[in-house]
Amino acid sequence: MNRKVLADQILARMMASRSEILAQWQSSGPIHYFVLDDVLPPETARRIRNAYPAGNSMRVRRSLRELKYIAAQMDQFDPILEETLFAFQDPRIVELVGEITNLQALEPDELLYAGGISMMAKDHFLNPHLDNSHDKERERYRVLNLLYYVSEDWGLRDGGNLELWPDGPKARQVTVESRFNRLVVMITNSQSWHSVSPVNVDRPRCCVSNYYFSKFPAESAEYFHVTTFRGRPEQVLRDIALRADSALRMGLRKIFPKGVVKTDHFYKK
C-alpha cells in the first residue's frame, strides 16, 4: 500500500463529493472547513490505525496548553503511516483542495513541520489556540490544516473532538466529531481558534495531520503570530496564564524573528 495508491483512492472519494464539500466550505465561515467521511476503504483505515506506535515511543507534549503524543520522524514507524501522510501531499489532491478552498499557490510540507501523527489517550486535550501563522523559516503562511482520523468506533461522547470557536474562545463553539475514516480540512489564519476536547475513554484517538502553506495569507491582509493559546471558558486562571505565556513568546519573536528556540518537530530526512 503506497502513497500513489492511497492518493488515487483519496482523490476519487473527494471528486465524488466535490459539490458537497465545496458547499460546506463556502457556508461554514468565518472558520471555513469541510468534512469528508469514508475517505479510504475501511480495511485500509483500520490498517493505518493498527500501525500506530505505542505512546511511549512517541514524544509527549505536556503543559497547560496541551497533553498529547506526537511524532514526525516517520522512518521510525510502520511505512504505511508515512505513505498515508504523503498521500495527502499528492499534487492532484493539493490542486483539488486549492480549487475548493480558493486559496492560492498551495504547497504541502515534506518536512512535516508541526504535522505528522498524533495520539491522545484518556484525559489528553488541546486548549483553544491559533496555529503559528508561518512555516519554521517564516517564509510561507500556514493556511490549511488537514486532519484524518483513524480511531474506529469513535463517537461524540468519547471526547477528543475538534472544536471550532468562530467568535473566539469565550463564545460558542462548533464541535466536529473525530469520526473514524473522516477527513477535516480547515483554514488556519488569525481568527481560526480551535481546540480538541478532553478524551473521555481509555483508548487512543489517532490522527494523521498535514499542513498546507502558501506565500499568500489566508485572509485579505498580512498577519503574523506565534501559536497562541487560551483557556476554555471555565478556565479563568489558566486563561490568564496562557495569555501571559503567548504575549511573552510573541514579544520574543518580534525581537528574534526566526525564534529563540528552534523547533525539532519536523521530519529530519
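**Figure 1. Surroundings of D75 in the predicted model.** D75 touches E82 and Y267, when residues up to four places away in sequence are not counted. The structure shown here and in the other views is a predicted model. D75 is found in the loop between β3 and α4. The C-alpha atom of D75 lies 15 Å from that of A87, and the two residues are twelve places apart in sequence. Two of the residues named here, E82 and A87, are among the buried residues of α4.

**Figure 2. Helix α4 and its covering.** How many of the nine residues of α4 are buried? Eight of the nine are buried, so the helix is largely enclosed by the rest of the structure. The buried residues are I80, L81, E82, E83, T84, L85, F86 and A87. The elements that cover them include the helices α1 (3-16), α3 (42-50) and α5. The strands β5 (116-120), β7 (141-149) and β12 (205-214) are also among the covering elements. At the start of α4, a side-chain oxygen of D78 reaches to within 3.0 Å of the backbone nitrogen of I80.

**Figure 3. Q89 in the loop between α4 and α5.** Q89 is placed in the loop between α4 (79-87) and α5 (91-101). Is Q89 buried or exposed? Q89 counts as buried because its relative accessibility is 9%, and a residue is called buried when this value is under 20%. The side chain of Q89 takes part in two contacts shown in this view. One reaches the backbone oxygen of D109 at 2.9 Å. The other is a polar contact of 2.9 Å with the side chain of N210. Leaving aside residues up to four places away in sequence, Q89 touches V94, P108, D109, E110, L112 and N210.

**Figure 4. Salt bridge between R18 and E99.** Side chains of opposite charge can pair when their charged atoms come close. The structure holds 23 salt bridges. In one of them, the side chains of R18 and E99 meet with an N to O distance of 3.0 Å. This pair links distant parts of the chain, since R18 belongs to helix α2 (residues 18-27) and E99 to helix α5, 81 residues apart. R18 is partly exposed, with a relative accessible area of 30%. E99 is also partly exposed, and its relative accessible area is 42%.

**Figure 5. Salt bridge between R65 and D245.** R65 and D245 form a salt bridge in which the closest N and O atoms are 3.0 Å apart. Which parts of the chain does this pair tie together? R65 lies in the loop between β2 (59-62) and β3 (66-71), while D245 lies in helix α6, so the pair ties together parts that are 180 residues apart in sequence. R65 is partly exposed at a relative accessible area of 25%. D245 is partly exposed as well, at 21%.

**Figure 6. Further charged pairs.** K122 forms a salt bridge with D123, and the closest N and O atoms of this pair are 3.6 Å apart. K122 is partly exposed, with a relative accessible area of 40%, and D123 counts as partly exposed at 48%. Elsewhere, K4, D8, D90 and R92 are linked in a network of salt bridges.

Figure 7. For residues 118-212, an unreviewed UniProt entry lists "domain: Prolyl 4-hydroxylase alpha subunit Fe(2+) 2OG dioxygenase". Across residues 118-212 of the model, the chain is 43% strand and 0% helix.

Figure 8. Which residues form a nonpolar patch on the surface? The patch is formed by L248, L252, I255 and F256, which together have about 400 Å² of accessible area. F256 is found in the segment after α6 (236-255), and F256 counts as partly exposed at 44% relative accessibility. K268 also has its place in the segment after α6. K268 is partly exposed, with a relative accessible area of 44%. The C-alpha atoms of K268 and E110 are separated by 10.0 Å, although the two residues are 158 residues apart along the chain.

Methods. Residues numbered from 1 in each chain as written. Predicted model: local features only at pLDDT ≥ 70, side-chain atom pairs only at ≥ 80, totals over all residues. Heavy atoms only, no water. Patch = residues over 30% accessible without salt bridge, like charges linked within 9 Å, V, L, I, M, F, W, Y side chains within 5 Å. Areas by Shrake-Rupley, 256 points an atom, 1.4 Å probe, with all protein chains shown as cover. Salt bridge = Lys/Arg side-chain N within 4 Å of Asp/Glu carboxyl O. Helix = DSSP H or I, 4+ residues; strand = E, 2+ residues; numbered from the N terminus. Buried < 20%, exposed > 50% of the residue type's maximum accessible area, 1.4 Å probe, protein only. Polar contact = N/O pair within 3.5 Å; in protein donor to acceptor, adjacent residues only side chain to side chain. Contact = heavy atoms within 4.5 Å. UniProt positions renumbered as here; feature names shortened; annotations may be inferred.
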